[in-house]
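Happy to walk through this one with you.

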Amino acid sequence: MKEKRVAIVTAASQGIGAAVARRLAADGYRLSLFARSEALEAVASELGAFAVRGSLTDPPDLERLVRATMDRFGRVDALVCSTGAPAKAALLSIDDEAWRQGLDLVLLQAVRLARLVTPPMVAQGGGAIVNISSYVVREPSAIYPVGSVMRAGLSAFAKLFVGEYAQCGIRMNNLLPGYFENYEQPAERVASIPANRLGRLAEIAGTTAFLLSPDAGYINGQDILIDGGLVRGI
């Protein structure tokens with residue numbers, strides 16, 4: 001009997017992370033869920049998942065997450081890096097500390113987790129990583145200046161990563177959501193989306209599950225928009 005796949009999902013206590021966790025549980029994954037919030041325990045209990053509380057910006061917490069997952073399951077087949085949004089402010093009013101926090105929250109957490117899960121993935125013959133990023137990679141937004149800059153760096157990191165590890169059977173892709181139902185949006189913003197609605201969490205969860213699956217085996221190092229047609233750039 002084939003062993004069930006193991007997935008780590010971060011920021012899994014609510015929103016996109018929790019939706020992805022629910023979809024992967026339905027697909028038969030064994031789950032290791034990570035978040036700071038106490039709400040993580042309820043999601044983990046609902047899904048029969050393993051919960052690790054901690055901060056994405058704390059390297060020892062990330063080390064503890066991966067070590068505990070390996071101790072419990074003996075492997076990591078999939079990693080979904082989901083995170084919150086960094087500071088929003090007028091571009092030149094953002095101080096150095098806010099930029100550093102954005103670097104930690106958006107880019108370095110993904111780099112650190114990749115550093116931790118890659119050795120076991122290499123040893124077991126492969127794995128898949130999806131970074132939940134944002135449409136601002138393709139169309140930088142004055143509303144999200146720190147995120148726009150740091151998520152562009154995450155896209156470059158994914159390209160460099162697969163250049164080294166695709167030959168080991170490891171894939172990394174970035175999913176670029178537009179506006180989703182986990183946050184209320186002004187009517188004029190929704191009207192600017194060609195689909196004329198917010199995205200559903202089930203849609204981003206399903207796309208993430210696809211990117212982790214063997215059906216996406218030749219998709220690697222890509223930035224994939226899931227935005228209802230919001231970004232017009234080619």
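Q: Why is strand β1 (residues 6-10) described as largely enclosed by the rest of the structure?
A: Five of its five residues are buried, so strand β1 is largely enclosed. Buried means under 20% relative accessible area, with exposed over 50% and partly exposed in between (1.4 Å probe, protein chains only). Strands here are DSSP runs of E with at least two residues, and helices are H or I runs of at least four, numbered from the N terminus. This is a predicted model, where local features need pLDDT of at least 70, side-chain atom pairs count only at pLDDT 80 or more, and totals for chains, interfaces and linings use all residues. Residues are numbered from 1 along each chain as its sequence is written, and side-chain values use heavy atoms, leaving out hydrogens and water.

Q: How do you know that both faces of β1 are covered?
A: In a regular strand the side chains alternate between the two faces of the sheet. Val6, Ile8 and Thr10 are buried on one side, as are Ala7 and Val9 on the other.

Q: What makes β1 and β2 a pair?
A: Pairing requires at least two DSSP bridges between two strands. β1 and β2 have five, in the parallel sense, and Val6 stands opposite Arg30 in β2.

Q: How do you know that β1 also pairs with strand β4 (residues 78-81)?
A: Three bridges join these parallel strands; Ile8, for one, has Leu79 of β4 as its bridge partner.
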